[in-house]
Amino acid sequence: MNKITIAIDGHSSCGKSTMAKALAKQLGYVYVDTGAMYRCVTLYALRNNCFNDDESVNTEKLQAEMDSIHISFQFNPETGKADAYLNGENVENEIRLMEVSNYVSPIAAIPFVREAMVAQQRRMGEDKGIVMDGRDIGTTVFPNAELKIFVTASAEIRAERRYKELIAKGEDANYDEILKNVQERDYIDSHREVSPLRMADDALLLDNSNMTIEEQNEWLKEKVAERVNYKL
């Protein structure tokens, strides 16, 4: 079976990562969570005082620190998934907290941050056989990807999913705060100057507002099979 590049884009908390991880495992492909990369940069910025008193990003300080930010993914045999590492430290759980979520969109909108991350992402996908999810994979990172999916769901449903996920992990969570964060991230992601969130012209739309994980996985498997002429 010829290997292809699969780009999965869409709004925050719409299940992109869950879908992409499952698909990559079925295909034996490499999975890359680009959102985790921007979260790692955000965590580094928070830890190293790269924010001003008004909570805006100190871009001059962050840019000077970029060469010190090294992100990698390592397979976790206990979960069967790849964990994000920041400078050799497993930060998979920490980057999912609301503190990071509240700052990730402004960080991801900075041109020099996106340039650095996109360069890393393209190197990861040089040999194809990769499933990558994010905001601009099908439009900027891999515009020639053989299969592009754009995933969405209502803001309320996405906030509810995120709320339940945090509660299940034993974290403090407030639905209204999460909904506000989801709506703010949608606006920032779609209005940023560099690589704004948008559906690629040749992408397939998947609104999973009322779909189970099993239903969306079946939908995706059908689309992959059509592109590679291979039954999963």
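Trainee: Is Ser195 buried or exposed?

Mentor: This is a predicted model, in which local features need pLDDT of at least 70, side-chain atom pairs count only at pLDDT 80 or more, and totals for chains, interfaces and linings use all residues. Residues are numbered from 1 along each chain as its sequence is written, and side-chain values use heavy atoms, with hydrogens and water left out. Buried means under 20% relative accessible area, exposed over 50%, and partly exposed in between (1.4 Å probe, protein chains only). Because its relative accessible area is 14%, Ser195 is buried.

Trainee: Which residues does Ser195 touch, not counting residues up to four places away in sequence?

Mentor: Ser195 has its place in the loop between helix H8 (175-191) and strand E8 (204-207); helices (H or I, at least four residues) and strands (E, at least two) are DSSP runs, numbered from the N terminus. Contact means heavy atoms within 4.5 Å. With residues up to four places away in sequence not counted, Ser195 touches Arg114, Asp136 and Thr140.

Trainee: Which residues of helix H5 are buried?

Mentor: Helix H5 covers residues 111-124 and has 14 residues. Among the elements that cover the buried residues of H5 are helix H2 (34-47), helix H4 (98-108) and strand E6 (130-134). The buried residues of H5 are Phe112, Val113, Arg114, Met117, Val118, Gln120 and Gln121.

Trainee: Which residues does Leu62 touch, not counting residues up to four places away in sequence?

Mentor: Leu62 is one of the residues that touch the most other members of the largest nonpolar core. Its contacts, with residues up to four places away in sequence not counted, are Val41, Ala45, Cys50, Val57, Ile69, Ile107, Ile110, Phe112 and Val113.

Trainee: How many residues of the lining of the largest pocket are charged?

Mentor: Helix H1 (residues 16-27) gives the most to the lining of the largest pocket, with 7 residues. Ala, Val, Leu, Ile, Met, Phe, Trp, Tyr, Cys and Pro count as nonpolar, Asp, Glu, Lys and Arg as charged, and the others, Gly among them, as polar. The lining divides into 14 nonpolar and 16 polar residues, while the number charged is 20.

Terms used
Expected span 1.5 Å × (residues − 1). Core = buried A, V, L, I, M, F, W, Y, C linked by side-chain atoms within 4.5 Å.
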